[in-house]
Amino acid sequence: MKVFLFAASCRLLTVRAYFTSSTSAVESVAFAARNTSKSLSTDADIDIPDYPRTSVGFEPRYNGPPEDEMTEEQREIRDAIVASRPRTGLSGPFGPWLAVPAIAQPAQSLGRACRYGTSLSFQESELVILLTGAKMKSHSEFDIHVGEALKSGWSYDMIKAIPRDDDFTAEAVQKQVIPLLENDRQRAIATFTAELLDTCTISDETYENTKKVLDGKDSALVEITSITGYYTYVAYTLNAFRIPSKK
């Protein structure tokens, strides 16, 4: 009887702790479902239409350490990256990053958080990433994420409307991209991202307008800023080492 009461008390305490935590049970389930959906969407083998790529002919300057020269630490990180990216493997910036394990490990963890651990939908995240690749003149990043954006539901017309390279400005995004977006969340996210990329800061008006649209959450603005920053780092790596996209 004592054992039964002890077990019951433990279960009660576990349930009570769960429901009184800073994140409610409903929010936890919704967050898990949303991010599982993002992971499944990005990893799914979905047919997408062919589209022109401008980076497939790049000759890489450095693809990272050769297999026979890797340390045990590098191999462990390599295996973790490949396991978390079964469809794409050690592609993009991960090869060069692997040269420095102290950079590769936290970089891939941050990337996973920015990719799967935010309140933004898969489609919203891809909008931020495409804008970042366009501004940073990263043809590889843009090429890779055109495919992801099409999977997420973006039309190719919207993608083609994004100004690129020296033509990228917040004003150009307002004129060319914003009219093609479907709702206030998308427009707010695109406006915030484009202004941050173009001016390296955010006006009070844009900050407050974006926060209002995103349910009054400063944390959502942290997420947009983090995705923009992380994929700027990715773009620098792809550009510096001329990593091509895969067909």
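Tutor: What follows begins with the whole chain, turns to one helix and its ends, and then moves out to other places in the chain.

Please keep in mind from the start that this is a predicted model. Of the 247 residues in the chain, buried residues make up 41%. The chain exposes about 13300 Å², and carbon and sulfur atoms supply 57% of that area. Among the contacts between residues at least 6 apart in sequence, 71% join residues at least 24 apart.

The part to look at closely is helix α10, which runs over residues 184-199 and has 16 residues. From its first C-alpha to its last, α10 reaches 22 Å, which is close to the 22 Å expected at 1.5 Å a residue. At the N-terminal end, N183 caps the helix, with a side-chain oxygen lying 3.1 Å from the backbone nitrogen of R185.

Now consider which residues of α10 are buried: they are Q186, A188, I189, A190, F192, T193, A194, E195, L196 and L197. What covers these buried residues includes α6 (122-135), α9 (170-176), α11 (204-213) and α12.

After α10 comes C200, whose phi is positive, near 65°. C200 has this positive phi although it is not a glycine, and its place is in the loop between α10 and α11. C200 counts as exposed because its relative accessible area is 67%, and exposed means over 50%. Another residue with a positive phi is D165, at about 55°, and D165 is not a glycine either. D165 sits in the loop between α8 (156-161) and α9, and with a relative accessible area of 24% it is partly exposed.

Within helix α9, K175 and E171 lie four residues apart, about one turn of the helix. K175 forms a salt bridge with E171, the closest N and O atoms being 3.3 Å apart, and K175 and E171 are both exposed.

Helix α12 spans residues 218-241 and holds Y233. Y233 is partly exposed, with a relative accessible area of 31%, and together with V100 and I103 it makes a nonpolar surface patch of about 220 Å².

In the loop between α5 (101-116) and α6 you can find S119, which counts as partly exposed at 30% relative accessibility. S119 and E223 are 104 residues apart in sequence, yet their C-alpha atoms are 7.7 Å apart in space. The side chains of S119 and E223 make a polar contact of 2.5 Å.

A further pair that is separated in sequence is L150 and Q123, which are 27 residues apart along the chain and 8.9 Å apart in space, C-alpha to C-alpha. L150 belongs to helix α7 (residues 139-152), and at 15% relative accessibility it counts as buried. In α7 you will also find E148 and K151, and because they are three residues apart in this helix, they are separated by about one helical turn. The side chains of E148 and K151 meet in a salt bridge at 3.5 Å, N to O, and both residues are buried.

A search of the whole structure finds twelve salt bridges, and one of them joins E67 to R78, with the closest N and O atoms 2.5 Å apart. This pair links distant parts of the chain, with E67 in the loop between α2 (25-43) and α3 (72-84), and R78 in helix α3, eleven residues apart. E67 is partly exposed at 42% relative accessibility, whereas R78 is buried at 15%.

Terms used: Residues are numbered from 1 along each chain as its sequence is written. This is a predicted model: local features need pLDDT of at least 70, side-chain atom pairs count only at pLDDT 80 or more; totals for chains, interfaces and linings use all residues. Side-chain values use heavy atoms; hydrogens and water are left out. Patches are made of residues with over 30% relative accessible area and no salt bridge: like charges are joined within 9 Å, nonpolar side chains (Val, Leu, Ile, Met, Phe, Trp, Tyr) within 5 Å. Accessible areas come from the Shrake-Rupley method with a 1.4 Å probe; for residues, only the protein chains shown count as cover. A salt bridge is a side-chain nitrogen of Lys or Arg within 4 Å of a carboxyl oxygen of Asp or Glu. Helices (H or I, at least four residues) and strands (E, at least two) are DSSP runs, numbered from the N terminus. Buried means under 20% relative accessible area, exposed over 50%, partly exposed in between (1.4 Å probe, protein chains only). The expected span of a helix is 1.5 Å times one less than its number of residues. Contact means heavy atoms within 4.5 Å. A polar contact is a pair of N or O atoms within 3.5 Å; within protein, one must be able to donate a hydrogen and the other to accept it, and residues adjacent in sequence count only if both atoms are side-chain atoms.
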